[in-house]
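Subject: Structure for your review

Dear colleague,

Please find below the structure that I am handing over to you. My notes on what was found in it follow directly after.

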Amino acid sequence: MSDPDALIDLTTRIAFQERENMALAFREILLNAMEHGGGNDPNVHVTITFTRANGALLFLVRDPGPGFSFERLSHAAVSNPANSPAEHVMNRDERGMRPGGFGILLTRALVDELLYNEKGNEALLIKYLRPRATN
């Protein structure tokens with residue numbers, strides 16, 4: 001958005017909790033793109049596209065990395081079996097990885113839809129807008 005007033009107008013028409021949820025979800029996916037897709041290299045760029053449709057916000061985050069497959073995400077909470085909600089923690093420990101792995105799971109809970117392209121290097125976050133409550 002090139003018009004800052006348009007962004008202010010947009011944010012005032014969305015309920016506070018909806019804005020907070022979308023911001024947190026966007027941050028999680030952006031950090032994943034920077035860390036995993038861009039290797040935390042400041043010379044590598046992540047592309048972000050924002051679209052406001054009638055009744056929805058859409059954020060497309062594209063990283064330059066090779067992508068990923070959900071079948072190979074045993075170190076992420078999104079892959080935990082239903083009967084073992086912390087299995088990824090043990091997997092991360094065995095691999096010597098820092099604690100974490102909740103980004104995709106958290107994002108799925110905060111937005112209405114989270115879609116990935118086949119390669120796994122583009123994430124589309126969709127948040128359907130609900131009318132703001134008035135007092």
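**The sheet**

S1 and S2 run antiparallel and are joined by seven bridges; strands (E, at least two residues) and helices (H or I, at least four) are DSSP runs, numbered from the N terminus. This is a predicted model, in which local features need pLDDT of at least 70 and side-chain atom pairs count only at pLDDT 80 or more, while totals for chains, interfaces and linings use all residues. Residues are numbered from 1 along each chain as its sequence is written, and side-chain values use heavy atoms, with hydrogens and water left out.

The two strands S1 and S2 form a hairpin with two residues between them. Glycine 55, in the turn, has a positive phi of about 95°. Within this pair, arginine 52 has leucine 57 in S2 as its bridge partner.

On to the next pairing: strand S2 (residues 56–62) is joined to strand S4 (residues 122–128) by seven bridges, again antiparallel. Here alanine 56 stands opposite tyrosine 128 of S4. Taken as a whole, the sheet is open, has four strands in the order S1-S2-S4-S3 and is paired antiparallel; two strands count as paired if DSSP finds at least two bridges between them. S1 and strand S3 (113–116) are the edge strands, each pairing on one side only. On average, neighbouring strands of this sheet are turned by 15° against each other, direction ignored. Such angles run from 0 to 180 degrees between N-to-C directions, and the axes are lines fitted to C-alpha atoms, for helices over the stretch in contact.

**The chain as a whole**

The protein chain contains four helices and four strands. Read from the N terminus, its elements follow the order α-α-β-β-α-α-β-β. Of its 135 residues, 32% count as buried; buried means under 20% relative accessible area, exposed over 50%, and partly exposed in between (1.4 Å probe, protein chains only). The accessible surface comes to about 8700 Å², and 54% of it belongs to carbon and sulfur atoms. These areas come from the Shrake-Rupley method with a 1.4 Å probe, and for residues only the protein chains shown count as cover. Among the contacts in the chain with a separation of 6 or more, 55% are between residues 24 or more positions apart; contact means heavy atoms within 4.5 Å.

**Helices on the sheet**

H2 lies across S1, S2, S3 and S4, and runs at about 180° to S4. Helix H4 (residues 103–110) also packs on the sheet, where it touches S3 and S4, and its direction makes about 135° with that of S3.

Which residues of H4 are buried? They are Gly103, Ile104, Thr107 and Leu110. These residues lie on the same side of H4, because they cover an arc of only 125° around the axis; the arc is that of the directions from the helix axis to the C-beta atoms. H2, S3 and S4 are among the elements that cover them.

**The nonpolar core**

The largest nonpolar core has 16 residues, of which Ile29, Phe59, Val61, Val111, Leu114 and Leu125 touch the most other members. Such a core is a set of buried Ala, Val, Leu, Ile, Met, Phe, Trp, Tyr and Cys residues joined through side-chain atoms within 4.5 Å. H2, S2, H4 and S4 each supply at least two residues of this core, and H2 gives the largest share, with six.

Isoleucine 29 is located in helix H2 (residues 16–37) and counts as buried because its relative accessibility is 4%. Apart from neighbours within four places in sequence, isoleucine 29 is in contact with Val61, Thr107, Leu114, Tyr116, Ala123 and Leu125. Leucine 114, not counting residues up to four places away in sequence, touches Ile29, Ile104, Thr107, Arg108, Ala123, Leu124 and Leu125.

**Two further residues**

Glutamate 28 is also in helix H2 and, at 17% relative accessibility, counts as buried. Beyond its neighbours within four places in sequence, glutamate 28 is in contact with Gly103, Leu106 and Thr107.

Asparagine 40 lies in the loop between H2 and strand S1 (47–53). Is asparagine 40 buried or exposed? Asparagine 40 counts as exposed, because its relative accessibility is 55%. Its phi is near 55°, a positive value in a residue other than glycine. Most residues other than glycine have a negative phi.

Yours sincerely,

A colleague
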